[in-house]
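Subject: Structure handover

Hello,

Please find the structure below. My notes on it follow.

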Amino acid sequence: MQSFKLGFVVFASVGLLFLGACSNQASESSSNPSSPSTENTSKTEPAAKTETSAHGDSHGKNAQVVEAGKYHMELAPEKEGNATHLDFYLQTGEKHEAVPNAKVTADVQSPDGQQKTVPLTYDADGKHYTAKLDGVATGQYQVKVTADVGGEKVNGRFSFNQ
């Protein structure tokens, strides 16, 4: 009986040490940016970051930022009466210079499941692309923005609630 208790204590201790080592390794890999990551990301469709961008010039409280390679994309939806106004900022470089010569479209899925493809036009004064979505169904909208910049396709996925 005595050896059974001793064996159980040793087994439990080894198990706790193993779990502690695994837990420590997982937290080190998430806090160390140079360690390899198992996250599966794509250059053309990275996950959206909903916080303001690191450079601090976010374009509204509902704005979402996606970094895709050398491009910085930001979608700022705003409800306007019976429509939703979309502002889309496509920028490049460290200084985030506007890209005025892209062909930009947004594939929008409304909360009721309807899908629309909406072309965005460039507003030279605001240095961004803009469009208006008619209708204001309540719920979450899924948006895939595709920009064709001189033959190079850049995609970003966003979502917002109305």
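This is a predicted model: local features need pLDDT of at least 70, side-chain atom pairs count only at pLDDT 80 or more; totals for chains, interfaces and linings use all residues.

Mean pLDDT for the chain is 76, with 63% of the residues at 70 or more. Over residues 24-56 the pLDDT stays under 50, and the model has 30 contacts beyond four places in sequence for that stretch.

Overall layout

The chain contains 1 helix and 9 strands. In sequence order the pattern reads α-β-β-β-β-β-β-β-β-β. Of the 162 residues, 30% are buried. Among contacts with a separation of 6 or more, 47% are between residues 24 or more positions apart.

Nonpolar core

The largest nonpolar core has 26 residues, and the members that touch the most others are Met73, Phe88, Leu90, Val104, Val143 and Phe158. Two or more residues each come from strand 1 (64-68), strand 2 (71-80), strand 3 (83-92), strand 5 (103-109), strand 6 (115-123), strand 7 (128-134), strand 8 (140-149) and strand 9 (152-161). Strand 8 is the biggest contributor, giving 5 residues. As background, nonpolar side chains in soluble globular proteins tend to be buried together.

Phe158 shows what one of these members touches. Beyond its neighbours within four places in sequence, Phe158 is in contact with Gln64, Val66, Met73, Leu75, Phe88, Tyr141, Gln142, Val143 and Val145. Three of the partners on that list, Met73, Phe88 and Val143, are also named among the core members that touch the most others.

Thr130

Thr130 sits in strand 7. Is this residue buried or exposed? Thr130 counts as buried because its relative accessibility is 18%, and the cut-off for buried is under 20%. Its side chain makes a polar contact of 3.2 Å with the side chain of His85. A polar atom of the Thr130 side chain also lies 3.3 Å from the backbone oxygen of Leu86. Not counting residues up to four places away in sequence, Thr130 touches His85, Leu86, Asp87, Pro119, Leu120, Thr121 and Asp123.

Salt bridge

How many salt bridges does the structure hold? There is 1. Side chains of opposite charge can pair when their charged atoms come close. In this model the side chains of Lys153 and Asp148 form the bridge, at 3.7 Å from N to O. Lys153 is exposed, with 52% relative accessibility, while Asp148 is partly exposed, at 23%.

Lys127

Lys127 is placed in the loop between strand 6 and strand 7. This lysine counts as exposed because its relative accessibility is 52%, and the cut-off for exposed is over 50%. Leaving aside neighbours within four places in sequence, the contacts of Lys127 are with Tyr89, Ala98 and Tyr122. The C-alpha atoms of Lys127 and Leu90 are 8.7 Å apart, although 37 residues separate the two along the chain. Leu90 is one of the core residues named above.

Where to look with care

The stretch to treat separately when reading the model is residues 24-56, where pLDDT stays under 50.

Regards

Methods:
Residues are numbered from 1 along each chain as its sequence is written. Side-chain values use heavy atoms; hydrogens and water are left out. A nonpolar core is a set of buried Ala, Val, Leu, Ile, Met, Phe, Trp, Tyr and Cys residues joined through side-chain atoms within 4.5 Å. Buried means under 20% relative accessible area, exposed over 50%, partly exposed in between (1.4 Å probe, protein chains only). Helices (H or I, at least four residues) and strands (E, at least two) are DSSP runs, numbered from the N terminus. Contact means heavy atoms within 4.5 Å. A salt bridge is a side-chain nitrogen of Lys or Arg within 4 Å of a carboxyl oxygen of Asp or Glu. A polar contact is a pair of N or O atoms within 3.5 Å; within protein, one must be able to donate a hydrogen and the other to accept it, and residues adjacent in sequence count only if both atoms are side-chain atoms. pLDDT is the predictor's confidence in each residue, from 0 to 100.
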